Amino acid sequence: LHVANRTAAKVPAFLAEAGPLAARATGHDGLAAMAAAMAAPRAIILMVDAGPAVDAAIDALLPHLAPGDILADCGNADFRDTRRRAAALGPRGIRFLGIGVSGGEEGARHGPAIMAGGDPSAWTALVPVMEAIAARFEGEPCAALLGPDGAGHFVKTVHNGIEYADMQLLAEAYGLMRHGQGRAPAAIAPVFARWNAGRLRSYLVEITAEVLSAADPATGLPVVDVILDSAGQKGTGRWTAVEALALGQSASTIEAAVGARSWSSEKAAREAGEAILGTRRTRVDLPEADLEGALLAGRIVAYAQGFRLLRAASDLHGWGTDLARVAETWRAGCIIRSALLADIAAAFRAGDLPEGQLILSPAFAADLRAGLPALRRTVAAAALAAHPVPALSAALAFADTMAQGRGTTDLIQAQRDFFGRHGFVRLDTGAAGQHGPWAG
Ligand code: 6PG
């Protein structure tokens with residue numbers, strides 16, 4: 001095992017923390033020295049910040065690599081960069097893998113979920129290592145090759161998009177209890193803990209309960225009360241929303257979550273708005289069971305939109321991504337691991353998804369039939385009491401849209417034809433390129 005860092009001085013400290021592994025590892029004071037010391041075919045894993053640092057590391061390594069060597073980028077890369085790198089390295093005989101790794105710090109120590117894309121022979125070579133470090137679900141490693149070039153990083157991006165949506169849904173439910181019912185964080189924590197024992201069981205619900213029960217050592221206040229309500233983002237959630245639109249989709253719960261983070265950063269404007277607009281949040285009377293049902297329905301829609309996006313990207317790029325395998329890979333180790341993922345994997349394995357829509361599969365359609373009334377009551381109550389619930393609202397609008405065989409885009413088509421003679425399809429004859437009886 002060989003190790004190098006851009007800052008050579010960090011290597012001894014890194015090895016000092018490696019415990020028994022350190023005896024098997026050799027530190028080097030640069031990528032070139034490391035590559036020179038390794039026997040071909042080399043297998044090199046890059047763990048650097050996504051973006052230019054990855055290109056810089058590849059450029060530094062390339063003169064020292066030989067055909068047949070393996071390079072794996074395990075950062076949160078933009079899948080378009082991964083495709084570009086795979087295309088550039090392929091002709092030079094370098095086998096490139098773009099690997100999405102999820103699990104945060106806990107995952108890094110106890111096993112992450114691993115989503116790979118790229119050269120199958122390179123993956124086969126790395127499988128023993130990847131499966132050894134991956135999280136396990138009922139003994140099965142959460143690590144898979146999900147397609148060529150950028151497929152793994154695309155799956156990781158969508159994972160993060162779903163992560164954004166799920167976190168936003170949880171924050172909205174928290175907000176309704178906190179600001180709509182005046183309950184203290186420590187009193188809300190047990191609600192999430194209870195939900196975590198049911199169909200909502202998941203890592204994010206579990207940590208939400210823990211976060212809400214924590215007190216700030218300096219002040220004794222609930223930790224959430226000492227945190228500025230302005231959320232950061234490194235970009236993967238936004239990429240998911242952008243890619244969805246580029247694919248002619250709309251992952252609206254994810255877009256809502258990305259947008260909510262952006263709005264949150266306009267703290268000064270929100271404070272000014274509080275005075276100028278004069279809207280006052282009022283009480284929300286909702287039973288906990290409604291919030292639980294709303295969250296479940298919202299989560300199902302977020303997953304469904306994410307998987308729909310994976311299908312669209314896989315079709316466009318010819319990746320052949322196995323969506324059941326994606327769901328299986330997400331069952332443990334990753335941030336969005338939840339009880340639903342085993343059922344999602346089963347739904348894809350059964351292939352029983354009318355029109356490819358997860359929300360129409362028997363298991364999830366049943367969940368939605370049960371949960372949508374609660375989601376509707378929650379969104380309605382929140383709207384009447386002036387509590388913004390962008391992700392819950394987006395989920396409801398999607399579910400309602402998908403439940404109407406006849407919508408309102410007939411009017412959009414008429415308007416387009418009116419001002420631009422864009423033409424429409426007649427329902428009665430099926431004829432395309434038809435025009436309305438307007439002048440011009
Ligand atoms: C994971 C996380 C991890 C990270 C993301 C999101 O799966 O382990 O998604 O990749 O937390 O980068 O970070 P932001 O919220 O800063 O975009």
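**Ground rules.** I'm looking at a predicted model, where local features need pLDDT of at least 70, side-chain atom pairs count only at pLDDT 80 or more, and totals for chains, interfaces and linings use all residues. Residues are numbered from 1 along each chain as its sequence is written, and side-chain values use heavy atoms, with hydrogens and water left out.

**Helix pair.** I looked up α8 (residues 185-195) and α9 (residues 203-213), whose axes come within 7 Å and cross at roughly 160 degrees. Axes here are lines fitted to C-alpha atoms over the stretch in contact, with angles from 0 to 180 degrees between N-to-C directions. Helices are DSSP runs (H or I, at least four residues), and strands are too (E, at least two). So α8 and α9 are roughly antiparallel (angles over 145 degrees). Among the residues in contact (heavy atoms within 4.5 Å) I noted Phe-192 and Trp-195 of α8 and Leu-212 of α9.

**Asn-160.** I found Asn-160 in helix α7 (residues 151-181). Asn-160 is buried, at 5% relative accessible area (buried is under 20%, exposed over 50%, with a 1.4 Å probe, protein chains only). What does its side chain make a polar contact with? I got the side chain of Thr-236, at 2.9 Å (a pair of N or O atoms within 3.5 Å, one able to donate a hydrogen and the other to accept it).

**Backbone spots.** I checked the peptide bond from Ala-40 to Pro-41 and it is cis, with omega near -5 degrees. Pro-41 sits in the loop between α2 (31-37) and β3 (43-46). Glu-138 isn't a glycine, yet its phi is positive, near 45 degrees. I also noted that Glu-138 is exposed, at 76%.

Terms used: Parallel < 35°, antiparallel > 145°, perpendicular 65-115°, else oblique.
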